[in-house]
Amino acid sequence: MNRFLENRLKQVEDALEQWLEGRSRPMAPLHEAIHKTIEDRLFPQADVHFAVDHLSASLRQSALRRWLDDSLSHPDISPRKDIVLCLHAGNLPLVGFQDVLAVLLSGAGYAGKLSRKDPWLITSFFNVLRQLHPQIPVQISTDLAGYQGAAFSRWTFAGSPDNLQAVTDRMAAMGIIRQKASVLPRTAHFSVAYLAQWDDSCLPDLVEGILRYDGKGCRSVAIVYSNIPLEQVAEKLRDEADRWLQVNRELTNPGPLVRFRKAYNDAAGIPSVVLGTHLVQEGFAVPDHPEIVYWQPARDIHAPRLTFADALQEVYGENATPLMQAQRPPADWRPDGVNPLAWLLQAE
């Protein structure tokens, strides 16, 4: 491995270890960030701790080294020495942290536009990194105007595809990015579970995939494909959801959309079941609201990808990504099918 990248890997691993160890130490950056995030009610307490726990677990056993080694095996690879801008979403706690790691492991400096919905957690990591390795360029802001005139040549985007062009035009006009800057867009916004051969052992992972983070995020399950009728497993789904909600949520009442859709389904004879704040129903799948999950016949495992194209992140289940990884992805998972570290390392 390139000596510069080897050294950067060790620096990142050192900072991660010290940062994560601080979650249980009062006054440590991560402990304080968790407290502020929960106190400000930015995310449910259980989701914040789940995100931190999962991140810690996903980085064990040299996961970053394996990711870097795999990324360096791609053609036309070279370390980056510039600064990369990351526009982070704020729909999940720590949602942009993989981009942080990819930028640092590529050898680049990091500039981040953090969401006001999640300003503390990622910042707490950089507080540790700056203390240990102040030579690594790091910039953080919750306001894009802070980067006016920076002229970044590479940047990453996570959000709606409808907003990408407007954001690009705005940043180019402000001189934040160069006119022909390279962008890595992540616009997929849901995943599906393909469970043609039903087994009740999938229930905990399926409910987790549906309810964790309130169904927001591209890895959340919005459609279930199964050849077993929903009515046949509705009670089991409800029982499993009740167990999950008792541990992970304070308020479990459904919102007006779910109440309306449930009433309509009952009147129209459409099978459906309420899982706390969510509704699972049969019928034509239109995954436009995270609270509504659709139950479809399982005919062809390739059909979801053909039907939903770039809007679809993952297919979980048989001969696909394990359902247990829905909300527990490995460190090197590929948003929108792209390895972000390999993309960063590619020569321009």
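In the predicted model, the axes of helix α2, spanning residues 29–39, and helix α3, spanning residues 45–58, approach within 9 Å and cross at roughly 150 degrees. Because angles over 145 degrees count as roughly antiparallel, α2 is placed roughly antiparallel to α3. The crossing of these two helices, α2 and α3, is right-handed. On the side of α2, the contact is formed by Leu30, Ile34, Thr37 and Ile38, while α3 contributes Gln45, Val48, His49 and Val52. By residue class, the contact of α2 with α3 comprises 5 nonpolar and 3 polar residues, with no charged residue taking part.

Backbone geometry was also examined in two loops. Leucine 94, although not a glycine, adopts a positive phi of about 65 degrees, and this residue is located in the loop that runs between β1 (83–87) and α5 (97–105). With a relative accessible area of 9%, leucine 94 is classed as buried, because the class of buried residues takes in values under 20%.

A positive phi, here of about 60 degrees, is likewise found at tyrosine 213, which is not a glycine either. Tyrosine 213 belongs to the loop between α8 (203–211) and β7 (221–225). The relative accessible area of tyrosine 213 is 9%, and the residue is therefore buried under the cut-off of 20% relative accessible area.

How values were computed
Residues numbered from 1 in each chain as written. Predicted model: local features only at pLDDT ≥ 70, side-chain atom pairs only at ≥ 80, totals over all residues. Heavy atoms only, no water. Axes fitted to C-alpha atoms, helices over the stretch in contact; angles between N-to-C directions. Helix = DSSP H or I, 4+ residues; strand = E, 2+ residues; numbered from the N terminus. Parallel < 35°, antiparallel > 145°, perpendicular 65-115°, else oblique. Left-handed = near helix turned anticlockwise from the far one by under 90°. Contact = heavy atoms within 4.5 Å. Nonpolar A, V, L, I, M, F, W, Y, C, P; charged D, E, K, R; others polar. Buried < 20%, exposed > 50% of the residue type's maximum accessible area, 1.4 Å probe, protein only.
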